[in-house]
Amino acid sequence: MSYTKTVWVDEILAGAETYNVSGTGAGVTIALDQTVTTPGTGLTAARMNKIEEALYTSLNKGSDIASASALTLGSDGNYFDVTGTTTITSISTLGIGRVVRLHFDGILTLTHHATNLVLPGGANITTAAGDEFTFVEYASGDWRCVAYALASGEAIIGGSGGGADLDEV
C-alpha cells in the first residue's frame with residue numbers, strides 16, 4: 001500500500017467559539033453559536049483506518065522475500081527477511097521516502113550501483129546470515145543504504161580502506 005497523505009484543515013469560525021444550551025434532562029441540546037467560515041477536515045472512520053494501516057505497514061515485519069537480481073519488496077511491512085543466495089543488483093520501487101530494513105538469512109552479494117543501489121564504501125558487499133541493512137528510496141527505484149548491522153559486529157571495509165561511517169554513506 002502506498003500511503004497518500006491527507007491535508008488536514010482546521011475549522012474556522014466567524015468569531016469566538018460559543019454554544020447555545022437549551023432544554024433540560026435528556027432533552028438538552030448544545031449547538032454552536034457561530035458561523036463556520038471554513039469547514040475543517042472531518043474525523044471519519046475511513047481516515048482513522050488509513051492512519052492505522054500506514055502505522056501498521058511502516059512498523060511491521062513483512063513476508064519473507066526470496067533473493068533476486070531485481071529484489072521485489074512486499075507492501076505488507078518495512079522489515080523483511082531475505083532468503084536465498086541470488087545476487088541483488090536493484091530493489092523495486094515502493095515510493096520515494098520509504099525506509100526498509102532487510103535481514104539476510106544467508107550469503108549473497110549486494111552489487112553497488114552509483115544511483116540505484118548505493119552501498120557503503122561504493123563497493124559490492126557479501127552478506128552473512130544475520131546481517132541487516134536499512135535502505136531509503138531517495139528517487140523512484142533508487143535506494144541508498146543508510147545504516148547496517150553486520151552479524152559479526154565488524155564494520156564494512158570500503159574502497160578507501162576504512163569502515164563505512166553513516167555520514168559517509
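In which strand is D142 found? I located D142 in strand β14, residues 142-149. Strands here are DSSP runs of E, at least two residues, numbered from the N terminus.

The model is predicted: local features need pLDDT of at least 70, side-chain atom pairs count only at pLDDT 80 or more, and totals for chains, interfaces and linings use all residues. Residues are numbered from 1 along each chain as its sequence is written, and side-chain values use heavy atoms, without hydrogens and water.

I checked the charge on D142 next. Contacts (heavy atoms within 4.5 Å) of D142 include E137, leaving aside neighbours within four places in sequence.

I moved to E137, in strand β13, residues 132-139. E137 is also buried without a salt bridge, with R98 as the nearest opposite charge at 6.9 Å. What does the side chain of E137 reach at 2.8 Å? I found the backbone nitrogen of G95. The side chains of E137 and T93 form a polar contact of 2.4 Å; such a contact is an N or O pair within 3.5 Å, with one atom able to donate a hydrogen and the other to accept it.

I then followed the sheet. β13 runs antiparallel to β9, with five bridges. H103 has E132 in β13 as its bridge partner. β9 (residues 99-104) pairs in parallel with β7 (residues 79-83) over four bridges; pairing takes at least two DSSP bridges. F80 is bridged to L102 in β9.

Notes
Buried < 20%, exposed > 50% of the residue type's maximum accessible area, 1.4 Å probe, protein only. Lys, Arg positive; Asp, Glu negative; His and termini not counted. Salt bridge = Lys/Arg side-chain N within 4 Å of Asp/Glu carboxyl O.
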